[in-house]
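I looked up salt bridges, sheets, a helix and a surface patch.

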Amino acid sequence: MNWKFWEKKNKEDQPKKKKSAAREWTDAIIFAVVAATLIRTLFIEAYTIPTESMERSLLVGDFLFVSKVNYGARTPMTPIAFPFAHHTMPIIGTKAYWDGVKLPYYRLPGLSDIKKGDVVVFNYPMEADSPFYRPVDKRENYIKRCQGTPGDTLSIVDAQVFVNGKANPNPPEGQINYELQTNGTEINPKIWEELNVTISDYSPYPTMTKASADALKKMGNFTMVKPHISPKDSVSLMEEPVFPKDKHYEKWNQDNYGPIIVPKKGWTVKLDSLNLPFYKRAITVYEGNKLEVNGNDILINGAKADSYTFKMNYYWMMGDNRHNSLDSRFWGFVPEDHVVGKALFVWMSWDSNASFLNKIRWSRLFMGIH
């Protein structure tokens, strides 16, 4: 019997209580979730290509790694969210976040700025509107190629992008629609497959790269192979109206567009009835101001204004599949707070339409993105 019951035993002399299996599994899962969340937020994250807007540079079924480091990681703006879910819970379809707590936009220092020609993942700006009203970092992820950076003057002439008066390099695997005419001989369907020509039900014009079009020209079956370009000052009822969807620019189209100046942080623009349609959305939706037009007067936050100084940088993003891409031509600028990261490489590519043995596109595995 220990008569010195008032003396505490040394903790080192006491046997350590062993964790239960359930406790060990719980600790391991918590650690894995926290570690994975930090990696996805600050360093690198996996994405997949769901649409044809970047073909043939990127294909439907490509799985990418996107770097958060290159442009600087964006800290969470909607911090309370279910781990590994973006904006919607799988299967049940409910929101995967709570927007009762919102944090201001902040980006860590990056390795470089966004450059023209970079393939960029960003949040789709139009989901600020009905019916979604999603927070910035919970808007759908889009992937396009940057064609214009802050301060650039951009125009499109016969499907060729010009920036500051110079033609932008076209992506080698970029595609447009072509008009074809044959000499009446039957075309072997294998030709379309070999040259990666896309023939769709919703367009009479096949989609292909310039290299594929050049190959068709060399064949004796075709008497005409030319790009299907919407003429200047001509709008087809079959085409989606382009940004800013204003009466002053109703003759602009996806192939002949602009010029337009991409807003730059600190740039002060003189506002008038001609340029207000370009910048109204940025001033109100993206930078949080109230704008009213009263006769010839422009009111910003209740005060009369004839100019505005932008608080953020903006970018002009376009798909490489030019005639099958919903991009800045149709909804305008991408604000810097919507930028997620830079696409680095394809780590897996899956062709859902191929036979079982050919579903993996082996030649695209670990392919760099340029």
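**Entry 1: Glu127 and its partner.** Glu127 makes a salt bridge with Arg134, and their closest N and O atoms are 2.7 Å apart. For this I require a side-chain nitrogen of Lys or Arg within 4 Å of a carboxyl oxygen of Asp or Glu. Arg134 is buried too, with a relative accessible area of 12%.

A note on the ground rules: this is a predicted model, where local features need pLDDT of at least 70, side-chain atom pairs count only at pLDDT 80 or more, and totals for chains, interfaces and linings use all residues. Residues are numbered from 1 along each chain as its sequence is written, and side-chain values use heavy atoms, with hydrogens and water left out.

Entry 2: How many salt bridges does the rule give? The count comes to 16. I picked out Glu45 with Arg40, where the closest N and O atoms lie 2.6 Å apart. Glu45 counts as buried because its relative accessibility is 14%, while Arg40, at 28%, counts as partly exposed.

Next I checked Arg361 and Asp351, whose side chains meet at 3.8 Å, N to O. Both residues sit in the loop between β19 (339–349) and β20 (367–368), 10 residues apart. Helices (H or I, at least four residues) and strands (E, at least two) are DSSP runs, numbered from the N terminus. Arg361 is buried at 17% relative accessibility, whereas Asp351 is partly exposed at 22%. I also noted that Asp62, Asp351, Arg361 and Arg364 are linked in a salt-bridge network.

**Entry 3: a sheet of 4 strands.** I traced an open sheet with the order β7-β6-β5-β11 and antiparallel pairing; strands pair if DSSP finds at least two bridges between them. β7 (166–167) and β11 (257–261) each have a single partner strand, so one side of each lacks a neighbour in the sheet. Between β5 (residues 153–157) and β11 I found 3 bridges in the antiparallel sense. Thr153 has Ile261 in β11 as its bridge partner.

I found α4 mostly covered, with 9 of its 11 residues buried, among them Phe278, Arg281 and Tyr286. Gly288 follows α4 and has a positive phi, near 75°.

**Entry 4: a surface patch.** Ile39, Phe43, Val69 and Leu111 form a nonpolar surface patch with about 380 Å² of accessible area together. The area is from the Shrake-Rupley method with a 1.4 Å probe, and for residues only the protein chains shown count as cover. Patch members have over 30% relative accessible area and no salt bridge; nonpolar side chains (Val, Leu, Ile, Met, Phe, Trp, Tyr) are joined within 5 Å, like charges within 9 Å. Val69 is partly exposed at 33%, and I located Val69 in the loop between β2 (62–67) and β3 (119–123).

Terms used:
Buried < 20%, exposed > 50% of the residue type's maximum accessible area, 1.4 Å probe, protein only.
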